[in-house]
Every structure is written in structure tokens, then in C-alpha cells.
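This report describes how parts of one protein model are packed.

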Amino acid sequence: MTADTTAAAGADPRFSGLPGRPGKIVAVHLSYASRADQRGRRPAAPSYFLKPSSSVAASGGTVERPAGTELLAFEGEIALVIATPARWVTLEEAWDHVGWVTAANDFGLYDLRANDKGSNLRSKGGDGFTPIGPRLIDARTVDPAALRLRTWVDGELRQEDTTAGLLFPLAQLVADLSQHLTLEPGDVILTGTPAGSSVVVPGDVVEVEVDAPGAPGAPTSGRLVTTVTQGEHGFDGGLGSLPAVDDGQRTEAWGSRAAAGLEPEAEPFRLTPELRGKLRAAPVAGLSAQLRRRGLNNVTVDGVRPMHPGAKLVGTARTLRFVPNREDLFTSHGGGYNAQKRAFDAVGEGEVIVIEARGEPGSGTLGDILALRAHERRAAGIVTDGGVRDHDAVAAVGIPVYSAGAHPAVLGRRHVPWDTDVAVACGGTTVQPGDVVVGDQDGVVVIPPALVEEVVDAALAQEDEDAWIVEQVAAGHALDGLFPMNAEWRARYEAWRAR
């Protein structure tokens with residue numbers, strides 16, 4: 001398989017690293033495990049965007065950072081070049097339609113990213129934003145699972161990964177895209193970037209290379225070289241969106257808050273062993289009373305009962321939201337690696353899965369397999385205002401579960417699993433990810449993290465006081481003046497505490 005890149009270069013030097021001008025360039029949003037872990041999210045399936053062929057540039061060229069912008073970032077990638085049309089091809093057939101492999105740099109301008117809302121047309125479609133080349137590797141000579149990608153900035157290695165680190169194999173991308181559109185000869189697929197992508201400034205030189213070290217002859221694309229320059233032209237707000245950045249975009253563009261020169265984010269709230277022990281000792285009724293004294297009345301998850309009445313539930317919330325069943329939405333969101341499965345796979349030690357099922361008990365929101373998965377993940381428990389299938393088997397798992405009751409029907413009867421790690425309404429109470437959840441025989445209460453220590457200390461102090469009052473009542477004292485205590489009884493209590 002050969003490509004007449006010389007002819008292509010004679011026609012337009014921008015496409016000298018390709019067989020010709022591509023009809024379309026399809027890019028993957030997120031595909032490497034290292035990048036996904038850096039971003040804190042792992043997609044269940046690949047997603048894509050289009051780049052115009054006018055953005056292609058050859059090795060040795062330049063890319064401009066437009067005037068008035070700051071966040072131009074490089075992304076070294078492996079580019080696949082289609083040789084024969086692909087439509088509705090299987091995973092096993094897909095690689096046969098790839099003619100060549102080469103290096104690419106998927107430059108992006110994060111200043112315009114928010115306005116693009118995922119389309120990436122403005123943020124990644126600029127002239128020169130897709131350097132490709134300089135040489136093509138025959139796809140038949142390499143193992144698609146053993147390609148290596150490296151990126152340097154001013155000679156310093158910034159990215160290094162292999163296709164073994166992909167979430168979705170290269171052939172899967174080809175096969176998946178062929179379900180939706182015809183991949184035509186010359187089309188390019190940009191297969192995503194690993195961790196290490198960051199911001200570059202005018203004067204920086206970025207080099208990308210793709211090779212196959214284990215293949216005969218160790219074929220390589222050679223180094224794709226691009227120099228960053230400062231553009232003279234800015235954007236006219238009278239015509240369209242202007243560049244806008246915030247610390248969130250800076251963090252994503254640079255790769256971390258530290259690299260962007262930002263102060264570290266505050267440490268997320270975590271229950272210490274000491275605080276967890278206090279919460280185990282404090283009754284839910286007492287915690288509820290203390291929250292009410294602080295103006296929080298709507299903090300109880302109503303309509304749920306414990307599957308294990310003697311077990312205490314203490315943990316931080318990890319949320320899952322169901323929406324009412326609609327057949328077309330269940331078809332698109334109910335199967336495969338849906339939100340329900342992702343929530344139970346992601347729950348961490350000491351966390352509580354809180355499920356919003358709108359108080360609808362007419363279908364199971366979990367069963368024994370999901371309960372077992374949560375237990376193996378060392379979750380603290382599960383709270384759902386919906387039903388539970390396989391009730392006895394779930395009970396046998398041993399993880400604390402609060403629910404609206406048992407129901408034999410499967411998920412699709414009433415619910416569609418929709419999303420995770422969002423604010424949910426469970427049992428009439430809003431629960432945010434990270435809220436503290438405590439349950440006992442009286443029910444379940446939700447405590448804002450900022451109030452936990454203050455509330456539990458006050459609840460335990462009140463327990464001591466109530467226990468003393470019980471002793472006085474048992475000794476025959478009347479309630480008047482004792483419950484609640486007047487000044488005389490308060491003085492007696494304080495004196496008892498001091499002793």
C-alpha cells in the first residue's frame with residue numbers, strides 16, 4: 001500500500017504528510033486511560049467531533065496563538081488514514097480499511113472552548129491547528145495495539161504512551177464510526193491524546209512522533225514539528241463569541257492547577273475515624289434535633305426503612321438519579337454500562353450510594369449483584385427511596401440498606417438510570433455528593449459537611465444531658481422544671497458534670 005505524498009505536496013504543501021486533502025477529519029474526545037484519570041472521568045463509549053480539513057498543516061510549519069488569548073494547548077495524537085471505504089464494518093474487519101498511521105497534533109484554544117459546548121469548531125478548527133505527518137506508516141506492517149506516541153516541547157519529553165493504554169482500541173473507533181457515516185479514502189481519524197497535554201506559548205517548538213518499536217524495521221512517522229507564533233489578529237465581539245477563560249479552563253488546558261500557577265483547591269471533606277466514631281454513637285433523632293436548632297428542618301430522608309434494623313449507617317453521599325421510564329430513553333440509557341452500573345463501580349470506601357427514585361417503590365432500584373459490588377467496594381451503605389429486588393439475597397450481603405420496600409420488578413418498569421454525582425432528591429430531601437448520611441432505626445438524616453462536627457458534638461452532649469434527666473425521672477422527680485431544665489436543675493446538672 002503506497003501513498004503519493006509527493007503529488008499531494010505539489011498540489012498543496014499543507015497536505016504533504018497525507019495522500020491528499022482529507023474529506024473529513026474525525027477526532028475522539030477522550031480515549032486514553034491516563035488522560036481520563038487526569039480529567040477524573042472515564043467515558044463508557046467513545047464520542048467524537050469534526051475538524052475542518054483547512055486546519056491541516058505540514059511538518060515544519062507554524063501555528064498562531066490569536067491576539068487576546070492565552071490557552072493554546074498541544075495534544076500529540078496518532079492519526080489513522082482511511083484507504084478503502086468503511087460502512088457498517090465489524091470490529092474484526094475495521095483495521096483492514098486503515099491504510100496508514102502517522103503523527104498529528106490536535107491543537108486547541110481553550111479560550112473558546114466553553115462557547116463551543118463540545119463541538120470544538122472554533123477552539124480546534126483554526127488554520128494550522130491540525131499538523132499531520134511527516135511520513136506515513138503502512139498500517140499492514142504494524143500491530144495497532146503496539147504503537148507508541150511521544151510529544152516533546154522544546155526538546156523536553158511531555159507525553160509518552162502506547163495504544164495499550166487506550167480505553168477504546170483503534171479498530172473499535174473505525175468500526176464505531178462506520179455505524180454512523182461512511183469513512184472514505186483519505187479521511188483522517190485523530191485517536192485522542194494521553195496525559196501530559198499542556199499549554200504552549202509563542203516561541204515554543206512542539207514535536208510529535210508515532211512509531212512501532214516492536215515491528216520489523218521499527219517504522220516511524222518521523223517527528224512532526226510545529227512552532228508556535230503570536231498572531232496579530234484578535235476576535236471581534238460584534239461578530240460572535242469572544243475568548244473567555246476561568247480557572248477551570250486554565251486547569252484543564254495546563255493539565256493541573258499547579259501547572260497553571262493556581263492555588264491548590266481546598267481538600268474535599270472527609271470523615272476522620274474519630275468523627276465517624278462520634279456519628280456512630282449519636283442517634284439520628286438527636287442529630288435531627290440539632291439540625292433543626294440550626295434552622296435545617298428538611299434533612300430527613302422520608303419513607304425509607306432499614307433492611308438491617310440493628311445496623312448503623314454512616315458515610316458520605318455518592319449519588320445516582322433515576323428519571324421516570326420512557327421507552328425510547330430506556331433504550332438509549334438503560335442498557336450497557338449505564339449510570340446505575342457506573343455508580344456502583346465508582347463508589348468508594350466509606351461512601352453511601354444515595355438513589356433518587358422519586359419515592360416510586362414499584363420497581364427495583366438495585367438487587368443482590370449491585371449490593372455485592374457495593375459491599376466489595378467497602379461502601380458504607382445504600383439509601384434508595386425506591387424498591388429493592390432480591391430482598392433476602394440483598395439482606396444476606398450484609399451491607400446496610402434503607403429502601404421504600406421490596407419489589408420484584410426490574411429497573412425498566414418505572415425508571416431510567418440517568419446520571420451520577422449530581423444533587424438528587426431522595427425521600428423528599430436534597431442530597432449533594434459529599435453530604436454526610438447517617439441512619440439508624442429512626443431513619444436517615446443528611447448533614448451538610450460544614451456542620452458535621454458542631455452538630456455531632458452537640459448531639460452527644462444532649463445525649464449525656466438526657467441520660468441524666470432519665471435518671472432523675474426514674475428517681476421519682478417531676479418533669480416540671482426538669483424537662484426542660486430550669487436554672488435550678490441546670491445548676492445541679494452542671495455540678496454533677498463537674499464531679
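Predicted model: local features only at pLDDT ≥ 70, side-chain atom pairs only at ≥ 80, totals over all residues.

Residues are numbered from 1 along each chain as its sequence is written, and side-chain values use heavy atoms, with hydrogens and water left out.

Helices (H or I, at least four residues) and strands (E, at least two) are DSSP runs numbered from the N terminus, and a residue is called buried under 20% relative accessible area, exposed over 50% and partly exposed in between, with a 1.4 Å probe and protein chains only. In helix H12 (residues 368-376), Leu370, Ala371 and Ala374 are buried. These residues lie on the same side of H12 because they cover an arc of only 100° around the axis, the arc being that of the directions from the helix axis to the C-beta atoms. Ile369 and Glu376, on the other side of H12, are exposed. The partners against which the buried residues of H12 pack are H11, strand S18 (351-356), strand S19 (381-384) and helix H13 (391-397). Just after H12, Arg378 takes a positive phi of about 65°.

In H11, the buried residues are Ala339, Gln340, Ala343 and Phe344. They cover an arc of only 130° around the axis, which puts them on the same side of H11. The buried residues of H11 pack against S17, S18, H12, S19 and strand S21 (415-420).

A nonpolar core is a set of buried Ala, Val, Leu, Ile, Met, Phe, Trp, Tyr and Cys residues joined through side-chain atoms within 4.5 Å. The largest such core has 33 residues, of which Ile78, Leu80, Trp95 and Val101 touch the most other members. At least two residues of this core come from each of strand S1 (25-28), strand S6 (76-82), strand S7 (98-105), helix H6 (170-180) and strand S13 (205-211), and H6 gives the most, with six residues. Residues up to four places away in sequence not being counted, Trp95 touches Leu80, Val101, Ala139, Val142, Pro144, Leu170 and Ala171. A second, separate core of 22 residues includes Ala343, Val347, Leu366 and Val388.

A pocket is an open set of points on a 1 Å grid over the protein atoms alone, where a 1.4 Å probe fits, with protein on both sides within 12 Å along at least five of seven lines; lining residues have an atom within 4 Å of a point. Grid points are joined across faces, edges and corners, and a volume is the space filled by probe spheres set on the points.

| Largest | About 760 Å³ | Leu30, Arg39, Arg41, Arg42 and Pro43 |

H2 supplies the largest share of the lining of the largest pocket, four residues, while S17 supplies the largest share of that of the second largest pocket, five residues.

His97 is placed in the loop between helix H3 (91-94) and S7, and His97 is buried, with a relative accessible area of 16%. Its neighbours within four places in sequence left aside, His97 is in contact with Ile82, Ala83, Thr84, Pro85, Ala86 and Val89.

Definitions and conventions: Contact = heavy atoms within 4.5 Å.
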